[in-house]
Amino acid sequence: MLTYLIRRVITSIIVLIGVSIFIFLLLHAAYPSPARAALGLLARPAQIAAFNKANGYDDPVVVQYLHYIGIIPNGGTSPDLLKGNLGYSYVENQSVFALFQERVARSAYLSGISLVIAVIIALPLGIFQAVKRNTIGDNVATSAAFILYSMPSFFLGLILIQVFALSLPIFNFEASQSTNVWYVMGDWYSMTLPIFTLALITVAAFSRYMRSSSIDVLAQDYIKVARAKGLPERLVLLRHLVRNASLPMVTLIGLSLPALLAGNLITESLFNFQGLGLLFFESLNKVDYAVLLAYTLAGAVLVIAGNLVADIALTVADPRIRLA
Amino acid sequence: MATSSLPPLDIQRAPEGGEIGAIQSGWRLALREFMNNRLAVIGFGMLIFFVLFSFVGPLIYHTDQLDTNLTLANLPPSGAHLFGTDTSGFDELGRMMKGGQAALEIGFFAAFVAIVIGTLWGAVSGLAGGIVDSAMMRVVDVFLSVPFLFVVLILAVKFGATVLSLSLVIGGFAWQVPARLVRGEVLSLRERDFVLAARTAGSSSWRLISRHLIPNSLGVVIVNVTFQVADAILAVAYVGFLGFGLHFPNVDWGDQLSTGSTYLEDGYWWLIFPVGACIVLTVMALNFIGDALRDAMDVRLRRR
């Protein structure tokens, strides 16, 4: 098991380096130098050249990449990833890290609680569908999942706003505008619709998977043995089915992170929630590449870390993998 | 399945796949399995409907999609405008047809790009093996780790959005899954006798890939195509909704929905729900077809 884990960690590091090269090339192609933004539109070519020279933007690409990573120290404004420096936004006149720091808690809350709610709904739903396969209940749930699965999250959000904020004024059509995360957490009037917009799309994918995973487990011999030895059906389901069928969910949560980040971007833009997704959307409009690429990089790191954690958790949880 | 319905074995005309007769009837079996799947036929019907709606519709239902007319803005559905008019006075139904053209063109073209890149990448990687294979698969991992929508949005901002640029960008970042699928197939195919035979006969690697490995792994690719189209249509909708989609006079469904959503409180439902339904139904049709194709190709699920 240890060899497997070590190899898995090394692979993740290689992919991480690959991602940093990828994002750097994208940044380099889209936004070679922040000189214009720093010096203003009236800057003369000589001033721009001087700025580029002072800050290392006229170095060879490979050297610039090493600046970007932080292996060769840079005196200027390029990111310095190993030191946790994500770069400087001349549009906002603030370091990207500071911009993220202001908003990360709100985004983490929205995405985290949506993921938890999605799992809480999808797990029992998928098991129920597998046990009651091809009944009316299963067919209704499958159809609903199919529609949600094909629905862009902004359309689901608009439907929820129309029904639960405008037709029946139960909830707010705008997310909480407070800068205090503790207040946001208590503000169910404003947060319910964004949370469920993000959660329901995830439920659709998870419950479909959970259903087929449970159907596979139900066909296993150990389920037949458990039933044959006279174990009550409730215990068969709880002890044998739930445990085994839930294992693939761990991997699925890891794999769903890119979709969750995208959903976060859409949901925050739709409900005007001041998190990282909305920051990305605003930066698109301001064409602020420093923020855009730093956030893309942060997202990729989160995805790699999430998948690694999921694989480790699965190895620890499943003796079949652990002993193999 | 009655054995008598199998075609007579004809060794001379056996495909290069080496499985005499079985491949041919395999495709036929898959086709029958597909046609027996009710959802697949419904999905296929819906897809045909949207293709006709988008491309033939404007020939029958004439609307002016070039000149704004603010005296006609935001009219509710009526005999003259079946789905009302939008903020600029354009006929909403005609606009949906135009948006459908963009969605389907980008969807299919992006899927084509993704499939071509993915198939070649996977076949080369699987055939090469060893360190080349590992390196190529790590590149796939890198592309899988970077959030797809973010990169598409950044490139749409940088290069501007046209049907061509969006297709290339979306396809260029969606080829990882077909690459993995094809590599998996090639890894097993390359150990088979017909590949050895072709090698012995002096086939070059390129000939091996183009004549033997890719044709024999087409099954997994075909299943993936419809999902690719569905994902690309959703991606266009997201890009359009955030305001970075196609420019006037072109329009996409996401862009239309975004405009409509600002009038949600005014009760202009016809600007939102018909377009939303178009996106959902098109993507659903493609998912139906994809699921059915996957089941039809899966020998384990086949009824005997």
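This is a predicted model: local features need pLDDT of at least 70, side-chain atom pairs count only at pLDDT 80 or more; totals for chains, interfaces and linings use all residues.
Let us start with helix α12 of chain A, which covers residues 257–271. Is α12(A) enclosed or open to the outside? Of its 15 residues, 14 are buried, so the rest of the structure largely encloses this helix.

Now look at how α12(A) meets another helix of its chain. Two packed helices are described by the angle between their axes and the distance between the axes. The axes of α12(A) and α14(A) come within 9 Å and cross at roughly 145 degrees, and the crossing is right-handed. On the α12(A) side, the residues that make this contact are L257(A), P258(A) and L261(A). On the α14(A) side they are G299(A), L302(A), V303(A) and G306(A). Sorted by class, this contact holds five nonpolar residues, two polar ones and no charged ones.

In the model, 34 residues of chain A are in contact with 32 residues of chain B. On the chain A side, the elements that give two or more residues are α1 (2–30), α6 (136–149), α7 (153–167), α12, α13 (276–286) and α14 (289–317). Which of these gives the most? That is α1(A), with seven residues. By class, the side of chain A that touches chain B has 28 nonpolar residues, six polar residues and no charged residues. For the complex, the predictor gives an ipTM of 0.86 and a pTM of 0.85.

One residue of α1 in chain A is worth a visit: G18(A). Is G18(A) buried or exposed? Within 10 Å there are 21 other C-beta atoms, and 20 or more count as buried, so G18(A) is buried. Leaving aside neighbours within four places in sequence, G18(A) is in contact with R138(B), V139(B) and V142(B). Within chain A, G18(A) and L148(A) are 130 residues apart along the chain, and their C-alpha atoms are separated by 34 Å.

Finally, let us follow chain B itself. This chain has 13 helices and zero strands. Of its 304 residues, 45% are buried. Among its contacts between residues at least 6 apart in sequence, 70% join residues at least 24 apart. For a view of the interior, take helix α7 of chain B, residues 163–172, whose buried residues are L166(B), S167(B), V169(B), I170(B) and G171(B). What covers them includes α4 (92–128), α6 (148–159) and α11 (218–241) of chain B.

How confident is the predictor about chain B? The average pLDDT of chain B is 80, and 89% of the residues score at least 70. Over residues 1–23 of chain B, however, pLDDT stays under 50, and for this stretch the model has 20 contacts beyond four places in sequence.

Notes
Residues are numbered from 1 along each chain as its sequence is written. Chains are lettered from A and ligands numbered from 1 in the order in which they are written. Helices (H or I, at least four residues) and strands (E, at least two) are DSSP runs, numbered from the N terminus. The expected span of a helix is 1.5 Å times one less than its number of residues. A residue is buried if 20 or more other C-beta atoms lie within 10 Å of its own, exposed if 12 or fewer, and partly exposed in between; C-beta atoms are placed from the backbone. Two residues are in contact if their C-beta atoms, placed from the backbone, lie within 7 Å. Ala, Val, Leu, Ile, Met, Phe, Trp, Tyr, Cys and Pro count as nonpolar, Asp, Glu, Lys and Arg as charged, and the others, Gly among them, as polar. Axes are lines fitted to C-alpha atoms, for helices over the stretch in contact, and angles run from 0 to 180 degrees between N-to-C directions. A crossing is left-handed if the near helix is turned anticlockwise from the far one by less than a right angle, and right-handed if clockwise. pLDDT is the predictor's confidence in each residue, from 0 to 100.
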